[in-house]
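Biologist: I have this chain open on my screen and would like to go through it with you. Could we start with how far to trust it?

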Amino acid sequence: RFERMKGSKTFFANFSFLSFGLFVCFLAPYFILFKYFSPKFTVSTEEIFFALKNSTWQAGAAAFIVTVLSIPMSQGLMALGSKTRSWVEKLLMLPQIFPALYSILIIFSLVNPFPMGTYGIILVFCVINLGFATLLTLWSTENKLGRMALISEVYGIGRLRFLSRIYFPALKADLWVNFFIIFIMIIN
């Protein structure tokens, strides 16, 4: 029993030495940077406010577009059969699961010429988050409305009247929550 305890102490001693060695190796480039170069950290409040304004505008615009587009997409997703819908739901989550670089490269290859600047950034954010927003809207619709669309069709309520009198009032809070979830995901 004593031998086993002695072996574990040696393991932990070696482990702490190894972790300290890795810690030093990972910090070595920073030590070299600060020793041979003298970086100056100047903060310009104008640049910070400009970056915050642009980031907030881009995230807000992309979240708004994604939330609006998620409404008809969730309706279309509800119309699919259960097996097809299961596959489509998995496909919609792929841009969220993949690293952002993969999604960006796919968008670059599909959209030619790619819009540069703010519009390009909004397009990338929209493509990455549209599937997730669609699923959020779909789940909210199913939880709040259930079979109400079928019942309103039986009673002869038109699609526009259903949307304006039943759908949007019932899901207004959920759509705001979806907007802020997407906004927070983008702004991070």
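Modeller: This is a predicted model, and confidence in the chain is lowest in helix 1 (residues 2-36), at a mean of 69, and highest in helix 2 (residues 45-78), at 92. That confidence is pLDDT, the predictor's own score for each residue, from 0 to 100, and helices are DSSP runs (H or I, at least four residues; strands are E, at least two), numbered from the N terminus. Residues are numbered from 1 along each chain as its sequence is written, and since the model is predicted, local features need pLDDT of at least 70 and side-chain atom pairs count only at pLDDT 80 or more, while totals for chains, interfaces and linings use all residues. Side-chain values use heavy atoms, with hydrogens and water left out.

Biologist: What does the chain average in pLDDT?

Modeller: The average is 84, and 90% of the residues score at least 70. Where pLDDT is low, the predicted coordinates should not be read in detail.

Biologist: How many helices and strands are there in the secondary structure?

Modeller: There are eight helices and zero strands, and from the N terminus on the elements run α-α-α-α-α-α-α-α. The radius of gyration of the chain is 26 Å, well over the 16 Å that the globule rule gives for 188 residues, so the chain is more spread out than a compact globule. That radius is taken over C-alpha atoms, and the rule is 2.2 Å times the number of residues to the power 0.38. Along its principal axes, the C-alpha trace spans about 80 × 60 × 35 Å.

Biologist: And what percentage of the 188 residues count as buried?

Modeller: The buried share is 24%, where buried means under 20% relative accessible area, exposed means over 50%, and partly exposed lies in between (1.4 Å probe, protein chains only). As for contacts (heavy atoms within 4.5 Å), among those between residues at least 6 apart in sequence, 76% join residues at least 24 apart.

Biologist: Let's turn to packing: at roughly what angle do the axes of helix 2 and helix 3 cross?

Modeller: Helix 2 and helix 3 cross at roughly 150°, with their axes coming within 10 Å. They are therefore roughly antiparallel to each other; angles over 145 degrees count that way, under 35 as roughly parallel, 65 to 115 as roughly perpendicular and the rest as oblique. The contact is made by Met 73, Leu 77 and Met 78 of helix 2 together with Arg 85, Val 88, Glu 89 and Leu 92 of helix 3.

Biologist: How do the axes of helix 3 and helix 6 cross?

Modeller: The axes of helix 3 (residues 82-92) and helix 6 (residues 118-144) come within 8 Å and cross at roughly 135°, and the two helices are therefore oblique to each other. Helix 3 contributes Arg 85, Glu 89 and Leu 92 to this contact, and helix 6 contributes Gly 131, Phe 132, Thr 134, Leu 135, Leu 138 and Glu 142.

Biologist: Is Ser 140 buried or exposed?

Modeller: Ser 140, which lies in helix 6, is buried, with a relative accessible area of 13%. Not counting residues up to four places away in sequence, Ser 140 touches Leu 145, Leu 171, Asp 174 and Asn 178.

Biologist: What does Leu 123 contact, leaving aside its neighbours within four places in sequence?

Modeller: Leu 123 is in contact with Ile 107, Val 111, Phe 114 and Pro 115 on that basis. This leucine is also found in helix 6 and is partly exposed, at a relative accessible area of 27%. Leu 123 and Ala 62 are 61 residues apart in sequence, yet 7.4 Å apart in space, C-alpha to C-alpha.

Biologist: One last thing: which peptide bond is cis?

Modeller: The bond from Asn 112 to Pro 113 is cis, with omega near 0°, and Pro 113 is found in the loop between helix 5 (100-110) and helix 6. Most peptide bonds are trans.

How values were computed: Axes are lines fitted to C-alpha atoms, for helices over the stretch in contact, and angles run from 0 to 180 degrees between N-to-C directions.
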